[in-house]
Each structure stands twice: as C-alpha cells, then as structure tokens.
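Thanks for passing this one along.

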Amino acid sequence: MANAAGDGTDTGTAIPRVLIAADKFKGTLTAVQVAGRVTAGLRRIVPDLEVEALPVADGGDGTVAAAIAAGFERREVRVGGPLGDPVTAAYALRGDTAVVEMAEASGLQRLPAGVFAPLTASTYGSGELLRAALDAGARTIVFGVGGSATTDGGAGMLAALGARFLDAGGEPVGPGGGGLRDLVTADLSGLDERFASVDLVLASDVDNPLTGPTGAPAVYGPQKGASPADVATLDAALTHFAAVLEKTVGERAAEYALAPGAGAAGGLGYGALVLGARFRPGIEVMLDVLGFAAALEKATLVITGEGSLDEQTLHGKAPAGVAAAARAAGKEVVAVCGRLALPPKALGRAGIRRAYPLTEVEPDLARCIADPGPILERVAERIGRDFLI
C-alpha cells in the first residue's frame, strides 16, 4: 500500500481506512449509491476493510440527500413548482442548521419531460422552502443553488418571502424572468424580518455575475430551453430588475449583480444576496456541514468522484474540493467516474493521484450508462488491488 504522501513507499504497519466522499453520477447513481457500490467492490479485495461513506454535493441537486446521509433529518413541505403546480419538496434539518436545495422546488427535474419554460419558470417555491426552514427554527441556512429551471433573478423567491414586484398599474408582474420586463416598483418592506438574524449561506459551484456575456441568461439559459431571442429578453429583463432594485435598496443592488454567485441558478443567487446571503463555494460549505474534516483525519485513502471528470470538475465541483482538502491534510486521493476527460497532469494538479473511469473495465459506454452499479464495483476492486494490498 502506498503511504499517505503518495510517494509509493510502504507504510508497513498502517491499517487502511477508506473515506468515500464522492458526488452522484448524474442521471445514473446517487452519491449514496456510488458509496455503496465502491464499498462493496473494495470489500471483495479486503473483506474487513474499514470504510466511512460521506456522500458529498457542491450545492446543486443532491445536496439535501447528502445532508440526510450525514445524519440530518428529512423534512417535506408542499410548495409551488417552477410552473406553479404544487410539488412535495424536501429540505434537511439538524439542530438549528438547515440545508435547502433550490432544485427540490424549482429545478429542471420538476418540469414535465420535454417541457421548458425559460421565460415563465419561477423560484417562488424556493422561497417557500426557505420560509419552511425558518418556521422549523433554523438559524443557519445553507442554500444550495443549481440545476434550476428558472431565470428570474430570484424574484419569485423574494415574492414568496414578502416582497412585491408591481407593474405600471400596481399589479404583480407575471412569473419568471419574462415578467420582469414590466416591473416598475419593487417593494421589499414586507420581506420576512427573520432573515436579519439568520446566517444565510449561498452555496454554489458557479461564480457568474447576473447578466452580460458570462451572466445567467447567456451561459445557462440555453440549457433551460431559451432561444437566442429568449436569452436577449431575459438578459434585458434581469438588467432592468437590478436597476429597479437599485432605486429601492441603493447602490448595493448594482454591486450584487456583479458579485460572484449572482448568476447562479438563473440569477437566484442575486436574489439571495439581496436577501442578505453570503456567498461561499458550495463544496466548501458542504464539507463543513457534513463533518468532512473529522472523517478525513481518520482516513488513509480518500475516494472521490462524479459522473464526468472534466474541465468543469476543476472549477468548484465536489471532487476538486474533496481533493484539495485531502491534499492539504497529506492524504492520498483517487477518483471514480463514468467518463474521464482530464489528463494525468491535470488530475495531479488537482490533488488526485489517479482516476478510474467505468470505461476502463467496460468499454461499451451504453452499458456503463444503463447499468453502472456492477461496473463501479469492479472499478473499486481495481482500486483495492492497487492501493490496499
């Protein structure tokens, strides 16, 4: 077995203890399932191996599931989905700390198959989820944003929390980013006062501004069904939204629009910043919340991963965050993935000793996607032979 520094020397008496801190393989395996399959494969090689599973997430979809796997209580509430229809959404609670995932209420997963609503999808239900967490006694709320169906700048969320966005006739504007074209007055006086004494943490893996070439509509709008004309409409509408808010809350409204994370989840990050949130990279927040440091201290090998290890991984995704923290603690890290699109040098710079894609043991990509679990177990067997015996 290689030592924790990864120089290939023998540790002699070290008793291996593996920490599995992997994200989901999106669309195929949850983070919990990834950990289970890797554990099963490792124990075929070392039957009495000590393994600790700590499924992780970077603030996007799967964040609540990771918190629940780490011991948080699952809470469910009926809220409005992105199209206004009621959905049952979950958040996680432990003590006075809540983990709220916007995708539970306002994510693409909540749209009917093949249906997109780039101009009208609303984050109203995400605001209802935040209010439910407050009602449950949360004093710290980790607000994971990602996987959204929306591009409304967080206007729907703020409306659910007491804000009023009115047109020239004094009537509420329509839902979604498209409705913000008609905005004349923004009244934030009715916002839930409890947010003044709550630590609201905006957890995201993206740092885009609200608008412009790298803003929410331009970069993420097409993923939500926005045509080029829709992107232009949404960008103008969100620019107008920020300008109207500037009249209400002052210069900080313009500053928030340029701040890292403002463009997350179709600009929901912007609404959260207006609400008083502080931005932190999602994986850093989640590692703190999940108790990663204590688990890391006991580990001799860390296994991380996600569905695709690629350039995006290096920019705030869960495996990069796990590897950075493990490297700082002098622990060796390997990764599992469905698809590997990073060269060894890039992996090394990220702190990952080696990556094991499913295609290494099953070249048929279709089979990897259709039934990844047994293949991942075989991958884990390879890791066991390479690092644990």
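1. Let me begin with the overall make-up. The secondary structure of the protein comes to 16 helices and 13 strands. Its radius of gyration is 22 Å, close to the 21 Å that the globule rule gives for 389 residues, so the protein is as compact as a globular protein of that length. Please keep in mind as you read on that this is a predicted model.

2. Along the principal axes, the C-alpha atoms fill a box of roughly 75 × 40 × 35 Å. Of the 389 residues, 55% count as buried. Among the contacts with a separation of 6 or more, 71% are between residues 24 or more positions apart.

3. Now to the rings: how many aromatic pairs does a search of the whole structure find? The search finds two. One of them joins Phe-165 and Phe-241, with 5.5 Å centre to centre and 75° between the planes, an edge-to-face arrangement. Phe-165 lies in strand 7 (residues 164-166) and Phe-241 in helix 8 (residues 228-249), so this pair ties together parts that are 76 residues apart in sequence. Both Phe-165 and Phe-241 are buried.

4. Phe-241 also pairs with Tyr-270: the ring centres are 5.9 Å apart and the planes stand at 75°, so this pair is edge-to-face. Phe-241 belongs to helix 8 and Tyr-270 to helix 10, so the parts tied together here are 29 residues apart in sequence. Both Phe-241 and Tyr-270 are buried. Through these ring pairs, Phe-165, Phe-241 and Tyr-270 are linked into a cluster.

5. The helix that carries Tyr-270 is worth a look of its own. Helix 10 (residues 264-275) is mostly covered, with 12 of its 12 residues buried. The buried residues include Gly-266, Gly-267, Leu-268, Gly-269 and Gly-271, along with Leu-273, Val-274 and Leu-275. Directly after helix 10 comes Gly-276, whose phi is positive, near 110°.

6. Ala-265 is found in helix 10, and at 9% relative accessibility it counts as buried.

7. Seven of its nine residues are buried, so helix 11 is largely enclosed by the rest of the structure. The buried residues are Gly-282, Ile-283, Val-285, Met-286, Leu-287, Val-289 and Leu-290. Helix 11 is followed by Gly-291, which has a positive phi near 75°.

8. What about open space? The largest pocket holds about 1,100 Å³, and 42 residues line it. Which of these lie nearest its centre? They are Lys-26, Asp-58, Asp-205, Gln-312 and Lys-317. By class, the lining has 13 nonpolar, 17 polar and 12 charged residues. At least two lining residues each come from helix 7 (216-220), helix 10, strand 11 (301-309), strand 12 (332-340) and helix 15 (365-370).

9. Strand 11 also contains Thr-304. Is Thr-304 buried or exposed? With a relative accessible area of 0%, Thr-304 is buried. Leaving out residues up to four places away in sequence, Thr-304 touches Ala-21, Ala-22, Pro-319, Val-322, Val-333, Val-334, Ala-335 and Val-336.

10. My last point is about Leu-347, in helix 14 (residues 344-350). At 5% relative accessibility, Leu-347 counts as buried. Beyond its neighbours within four places in sequence, Leu-347 is in contact with Leu-309, Leu-340, Leu-342, Ile-352 and Ala-355.

Methods. Residues are numbered from 1 along each chain as its sequence is written. This is a predicted model: local features need pLDDT of at least 70, side-chain atom pairs count only at pLDDT 80 or more; totals for chains, interfaces and linings use all residues. Side-chain values use heavy atoms; hydrogens and water are left out. Buried means under 20% relative accessible area, exposed over 50%, partly exposed in between (1.4 Å probe, protein chains only). Helices (H or I, at least four residues) and strands (E, at least two) are DSSP runs, numbered from the N terminus. Rings of Phe, Tyr and Trp (its six-membered ring) pair if their centres lie within 6.5 Å; planes under 30 degrees apart count as stacked, over 60 as edge-to-face and the rest as tilted. On a 1 Å grid over the protein atoms alone, a cavity is a set of points where a 1.4 Å probe fits but cannot get out, and a pocket is an open set with protein on both sides within 12 Å along at least five of seven lines; lining residues have an atom within 4 Å of a point. Grid points are joined across faces, edges and corners, and a volume is the space filled by probe spheres set on the points. Ala, Val, Leu, Ile, Met, Phe, Trp, Tyr, Cys and Pro count as nonpolar, Asp, Glu, Lys and Arg as charged, and the others, Gly among them, as polar. The radius of gyration is taken over C-alpha atoms; the globule rule is 2.2 Å times the number of residues to the power 0.38. Contact means heavy atoms within 4.5 Å.
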